[in-house]
Amino acid sequence: MRSQEDMDFILSITDWFNGRWEDPDWGKRPTTQILVALVVRELAMVIQDAELRGQIHASVDKVIINSGQIAIKQ
(Lines give C-alpha, C1' and ligand atoms only; values in the text may rest on other atoms or scores of the structure.)
Protein backbone atom coordinates (compact mmCIF):
# COMPACT_ATOMS: atom_id res chain seq x y z
CA MET A 1 0.00 0.00 0.00
CA ARG A 2 1.30 3.43 -0.94
CA SER A 3 1.65 6.07 1.75
CA GLN A 4 -0.63 9.09 1.70
CA GLU A 5 2.37 11.25 0.76
CA ASP A 6 3.07 9.01 -2.27
CA MET A 7 -0.56 9.13 -3.33
CA ASP A 8 -0.65 12.93 -2.96
CA PHE A 9 2.46 13.16 -5.16
CA ILE A 10 0.90 10.98 -7.87
CA LEU A 11 -2.35 12.95 -7.72
CA SER A 12 -0.54 16.28 -7.97
CA ILE A 13 1.33 15.08 -11.06
CA THR A 14 -1.82 13.70 -12.70
CA ASP A 15 -3.63 16.97 -11.91
CA TRP A 16 -0.81 18.81 -13.66
CA PHE A 17 -1.17 16.51 -16.69
CA ASN A 18 -4.86 17.40 -17.04
CA GLY A 19 -5.37 19.01 -20.43
CA ARG A 20 -1.71 18.78 -21.48
CA TRP A 21 -2.59 16.31 -24.25
CA GLU A 22 -3.93 19.27 -26.24
CA ASP A 23 -0.36 20.46 -26.80
CA PRO A 24 1.13 18.24 -29.54
CA ASP A 25 4.65 18.87 -28.17
CA TRP A 26 3.72 18.05 -24.59
CA GLY A 27 5.86 15.25 -23.22
CA LYS A 28 8.61 15.87 -25.74
CA ARG A 29 10.28 18.70 -23.86
CA PRO A 30 13.00 17.86 -21.31
CA THR A 31 11.01 19.21 -18.36
CA THR A 32 7.92 17.21 -19.22
CA GLN A 33 10.04 14.13 -19.88
CA ILE A 34 11.26 14.44 -16.30
CA LEU A 35 7.70 14.66 -14.99
CA VAL A 36 6.62 11.60 -16.95
CA ALA A 37 9.69 9.69 -15.79
CA LEU A 38 9.02 10.58 -12.14
CA VAL A 39 5.48 9.26 -12.39
CA VAL A 40 6.65 6.05 -14.08
CA ARG A 41 9.31 5.61 -11.39
CA GLU A 42 6.78 6.08 -8.61
CA LEU A 43 4.26 3.73 -10.20
CA ALA A 44 6.97 1.08 -10.64
CA MET A 45 7.36 0.95 -6.86
CA VAL A 46 4.32 -1.34 -6.66
CA ILE A 47 5.85 -3.94 -8.99
CA GLN A 48 6.63 -6.98 -6.87
CA ASP A 49 9.47 -8.30 -9.05
CA ALA A 50 12.52 -6.52 -7.63
CA GLU A 51 14.67 -7.19 -10.69
CA LEU A 52 12.10 -5.73 -13.08
CA ARG A 53 11.48 -2.79 -10.76
CA GLY A 54 15.23 -2.14 -10.72
CA GLN A 55 15.42 -2.24 -14.51
CA ILE A 56 12.56 0.26 -14.79
CA HIS A 57 14.18 2.55 -12.23
CA ALA A 58 17.53 2.36 -14.02
CA SER A 59 15.95 3.27 -17.35
CA VAL A 60 13.86 6.05 -15.86
CA ASP A 61 16.85 7.44 -13.98
CA LYS A 62 18.72 7.75 -17.30
CA VAL A 63 15.80 9.73 -18.75
CA ILE A 64 15.78 12.02 -15.71
CA ILE A 65 19.53 12.61 -15.85
CA ASN A 66 19.67 13.19 -19.62
CA SER A 67 16.58 15.40 -19.69
CA GLY A 68 17.84 17.33 -16.68
CA GLN A 69 21.14 18.08 -18.38
CA ILE A 70 19.34 19.25 -21.52
CA ALA A 71 16.95 21.42 -19.48
CA ILE A 72 19.83 23.07 -17.63
CA LYS A 73 21.52 24.00 -20.92
CA GLN A 74 18.37 25.62 -22.32
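The dialogue below takes up the fold, the confidence, the surface and some individual residues in turn.

Q: What kind of model is this, and what average pLDDT does the protein chain have?
A: The model is predicted, and its confidence should be read before its details. The protein chain has an average pLDDT of 84, and 81% of the residues reach a score of at least 70.

Q: Which elements have the lowest and the highest mean pLDDT?
A: An average for the chain may be followed by values for its elements. Helix 1, covering residues 4-17, has the lowest mean pLDDT among the elements, 73, while helix 3 has the highest, 95.

Q: How many helices and strands does the protein chain have?
A: The count comes first, then the order. There are 3 helices and 0 strands, and the pattern along the sequence reads α-α-α.

Q: Is Ser 67 buried or exposed, and why?
A: The class follows from the relative accessible area, with buried meaning under 20%. Ser 67 lies in helix 3 and is buried because its relative accessible area is 8%. Leaving aside residues up to four places away in sequence, Ser 67 touches Pro 30, Gln 33 and Ile 34.

Q: Is Ile 72 buried or exposed, and why?
A: The opposite cut-off applies here, since exposed means over 50%. Ile 72 also has its place in helix 3, but its relative accessible area is 72%, so Ile 72 is exposed. Between Ile 72 and Thr 31 the C-alpha to C-alpha distance is 9.6 Å, with 41 residues separating them in sequence.

Q: How many salt bridges does a search of the whole structure find, and which side chains meet?
A: The search finds 1 salt bridge. It joins the side chains of Arg 41 and Asp 61, at 2.7 Å from N to O. The pair links distant parts of the chain, 20 residues apart: Arg 41 belongs to helix 2 (residues 30-44) and Asp 61 to helix 3 (residues 50-73).

Q: Why do Arg 41 and Asp 61 count as partly exposed?
A: Partly exposed denotes the range between the buried and exposed cut-offs, 20% and 50%. Arg 41 has 27% relative accessibility and therefore counts as partly exposed; Asp 61, at 27%, likewise counts as partly exposed.

How values were computed: Residues are numbered from 1 along each chain as its sequence is written. This is a predicted model: local features need pLDDT of at least 70, side-chain atom pairs count only at pLDDT 80 or more; totals for chains, interfaces and linings use all residues. Side-chain values use heavy atoms; hydrogens and water are left out. A salt bridge is a side-chain nitrogen of Lys or Arg within 4 Å of a carboxyl oxygen of Asp or Glu. Helices (H or I, at least four residues) and strands (E, at least two) are DSSP runs, numbered from the N terminus. Buried means under 20% relative accessible area, exposed over 50%, partly exposed in between (1.4 Å probe, protein chains only). pLDDT is the predictor's confidence in each residue, from 0 to 100. Contact means heavy atoms within 4.5 Å.
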